[in-house]
Amino acid sequence: MFRRILIANRGEIAVRIIRTCREMNIETVAIYSTADRDSLHVKLATQAVCVGPAKAADSYLNMKNILTAALETGCDAIHPGFGFLSENSEFARLCEQSGIVFVGPKADVIDALGNKATAKKLMIARNVPVVPGSKGAVSDPQELKKIADEIGYPVLLKASAGGGGRGMRRVFEPEQLIPSFEEAKAEARACFGNDEMYIEKLILNPRHVEFQILADEHGNVIHLGERDCSIQRKNQKLIEESPCMLIDDDLRSKMGHDTVEAAKAAGYTNAGTVEFVLDSQGNYYFIEMNTRIQVEHAVTEMVTGMDLIKEQFRIAFHQPLKVTQEDVVLNGHAIECRINAEDPAKGFQPNTGKIQFLNFPGGPGVRVDTALYEGYTTSPFYDSMMAKVIVHAPTRLEAIRRMRRALEELVIDGITTTADFDYLLMHHPEYIKGKANVSFIEERMQEILEWDQLSNE
C-alpha cells in the first residue's frame, strides 16, 4: 500500500481522508493556505506544507505548488477530495507525468465525462436512458430553436463543462430561449473557460437520484445502491439519504445495471457517481457522472458498512475489489444534513466568525464529519459547509427521529448555520411522507422561514 500521500484539499474532507489513512498506516501530507494555518486538517496530518496565500487560485488550485510539495515530501499518491482539483484532467495528467498516483480515474476519462455533451453520447451508445435533447453541443441559435421546438417546452440549457447550477437556465417560453442561451454562455465562459452549451427537455419536479459505483483496473464494476439528493436549493444539495423510498428492488436493479453500463462505457476506474433524474412515473434519465468522491458519500458508507476512501486507495494501488455485486446489501436507512455557515433568513448569506462553543451530537447511529473545533475562526475564502451530520437507523422514520435528536444536541456558537433550517425540514409533513422533489425548497421556502421565526419567538 502507499507509504505517504498528499491530500490536495482542506476542511472536513481532508480530515475524513486523514482518518482512513491513519487506520491504513499511511502517512499524510496536508497542504494549506496562509488562511488555513490553524485548520484541523493541518493539525491532524503527519506533516503539512503551505502552498500559497488565502485565495484558492493561488493555493488549493495552484497545481505547480501542490505537485512540488508532493515531490519534496516523497509522496506516492495524491488524493484530491472533492471540489478544487478533483475533476481537473490537467492535474491528473501532471500527477501521472510526475510519477505520482492520482487517486481517481484517468485524465482522459475525466475529460470525457466532465464534458456533459460528450458524456451523453457515451450513454446513448450504451443504451443508458438520457433526457431528450441535443446529441452534443449546440452553438447555432437557429439549431437551438429547432431542437427546442422538437422536444417541446420547458427546456433546460446546460453548460457542457458546468456544475453547481452555473451555466444552467430553465426556459419556459420560446421568446426566453435566445436571451437565456447568451446569458448562460457568458456565465459558463466566466466560470469554466468553456462556453459550450447543450439543450435538453426540462423534467419538471423530478427526484435527483444518484448511484455510487466502484470500478477497479481488473474489469470489476459494482454499484453500492442509490442516494436521494432531492432536497436542494439552487442546485446545491442540503439533505441526502439512502436508500430512496420511491425505488423498489426491481427499479434499483434496473438503474443499477445502467449505472454499471455507464461506468463501463467510459472505461471508468475508482469511485464515482452516476446521477439521474427520476420522474413520478418511475422513468429515469442520466444527467451526468461525477468523477470523484461525493460530499454525501457518508450515507452510502452507513448503509453498506464500507469505507469508500479505503476502497479508493485500494483501487488506486491496483488491487481488485474485494466484494462482488451480490455481496452488496443495503442495511437500514441513512440521512445526511449539511451544516453550512449561512443565514437562511438572509437569503442563505454566508457568514464567518470565531467558534465560541461547540457541542457535537453522539450516541447510537450518529456520525459527524467536520473540521471545526472551539476557538477556530472560519474563513470567508472557501466553501461555507462547516459540518455534515449523518445518522443511521433501521427505518427511514427512525432515521428522521434520530436526526431530529442529533440536531437538537448540535451547538455551534459564534456563527449562524443552517442547522435550525435542517431541523425544521425534518418535521415537514411532505418530507416525512417522502414526497419532496427538487423544487421542494423553492416552493416551501417562505413557509419554512415562517416556522423558523415562530420557533425563535
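Is phenylalanine 348 buried or exposed? I looked this up before anything else. Phenylalanine 348 counts as buried, because its relative accessibility is 5%, and the cut-off for buried is under 20%. I note here that the model is predicted.

I stayed with phenylalanine 348. It is found in the loop between strand 15 (342–343) and strand 16 (349–350). Its phi is positive, about 60°, although phenylalanine 348 is not a glycine. I wrote down the general rule beside it. Most residues other than glycine have a negative phi, and most peptide bonds are trans.

Then I turned to asparagine 205. Asparagine 205 also has a positive phi, about 50°, and is not a glycine. I found it in the loop between strand 8 and strand 9 (207–215). Is asparagine 205 buried or partly exposed? At 37% relative accessibility, asparagine 205 counts as partly exposed.

Next I looked for cis peptide bonds. I noted one from tyrosine 153 to proline 154, with omega near 0°. Proline 154 lies in the loop between helix 7 (141–151) and strand 6 (155–163). Another cis bond joins serine 242 and proline 243, and its omega is about 0°. Proline 243 sits in the loop between strand 11 and helix 9 (249–266).

**Entry: helix 5 against helix 6**

At what angle do the axes of helix 5 and helix 6 cross? I read roughly 95° for helix 5 (residues 107–114) and helix 6 (residues 116–125), with the axes coming within 5 Å. That makes helix 5 roughly perpendicular to helix 6, because angles of 65 to 115 degrees count that way. Helix 5 brings Ala112, Leu113 and Gly114 to the contact. Helix 6 brings Lys116, Thr118, Ala119, Leu122 and Met123. I sorted the residues of this contact by class: five are nonpolar, two polar and one charged.

**Entry: helix 1 against helix 11**

I then took helix 1 (residues 11–23) and helix 11 (residues 308–316). They pack at an angle of about 65°, and their axes are 9 Å apart. Helix 1 and helix 11 are therefore roughly perpendicular to each other. Their crossing is right-handed. On the helix 1 side I listed Arg16, Ile17, Thr20 and Cys21. They meet Leu308, Ile309, Lys310 and Phe313 in helix 11. This contact has five nonpolar, one polar and two charged residues.

I also checked glutamate 23, which is in helix 1. Glutamate 23 is exposed, with a relative accessible area of 68%. The C-alpha atoms of glutamate 23 and methionine 385 are separated by 25 Å. Along the chain, these two are 362 residues apart.

**Entry: a buried glutamate**

Glutamate 200 was my next stop. Its place is in strand 8 (residues 197–201). Glutamate 200 counts as buried, at 4% relative accessibility. What does glutamate 200 contact, leaving aside neighbours within four places in sequence? I listed Lys120, Val131, Pro132, Gly133, Ile151, Val155, Leu156, Lys158 and Ile287.

**Entry: helix 10**

How many of the eight residues of helix 10 are buried? Eight of the eight are, so helix 10 (residues 297–304) is largely enclosed by the rest of the structure. I wrote out its buried residues: His297, Ala298, Val299, Thr300, Glu301, Met302, Val303 and Thr304. Glycine 305 follows helix 10, and its phi is positive, near 75°.

**Entry: the nonpolar cores**

In soluble globular proteins, nonpolar side chains tend to be buried together. The largest nonpolar core here has 39 residues. Which of its residues touch the most other members? They are Ile231, Ile239, Ile335, Ile339 and Met426.

I followed up methionine 426. Not counting residues up to four places away in sequence, methionine 426 touches Ile239, Ile335, Cys337, Ile400, Met403, Arg404, Leu407, Tyr431 and Ile432. A second, separate core has 30 residues, including Ile7, Ile26, Ala271 and Met385.

Terms used. Residues are numbered from 1 along each chain as its sequence is written. This is a predicted model: local features need pLDDT of at least 70, side-chain atom pairs count only at pLDDT 80 or more; totals for chains, interfaces and linings use all residues. Side-chain values use heavy atoms; hydrogens and water are left out. Axes are lines fitted to C-alpha atoms, for helices over the stretch in contact, and angles run from 0 to 180 degrees between N-to-C directions. Helices (H or I, at least four residues) and strands (E, at least two) are DSSP runs, numbered from the N terminus. Angles under 35 degrees count as roughly parallel, over 145 as roughly antiparallel, 65 to 115 as roughly perpendicular and the rest as oblique. Contact means heavy atoms within 4.5 Å. Ala, Val, Leu, Ile, Met, Phe, Trp, Tyr, Cys and Pro count as nonpolar, Asp, Glu, Lys and Arg as charged, and the others, Gly among them, as polar. Buried means under 20% relative accessible area, exposed over 50%, partly exposed in between (1.4 Å probe, protein chains only). A crossing is left-handed if the near helix is turned anticlockwise from the far one by less than a right angle, and right-handed if clockwise. A nonpolar core is a set of buried Ala, Val, Leu, Ile, Met, Phe, Trp, Tyr and Cys residues joined through side-chain atoms within 4.5 Å.
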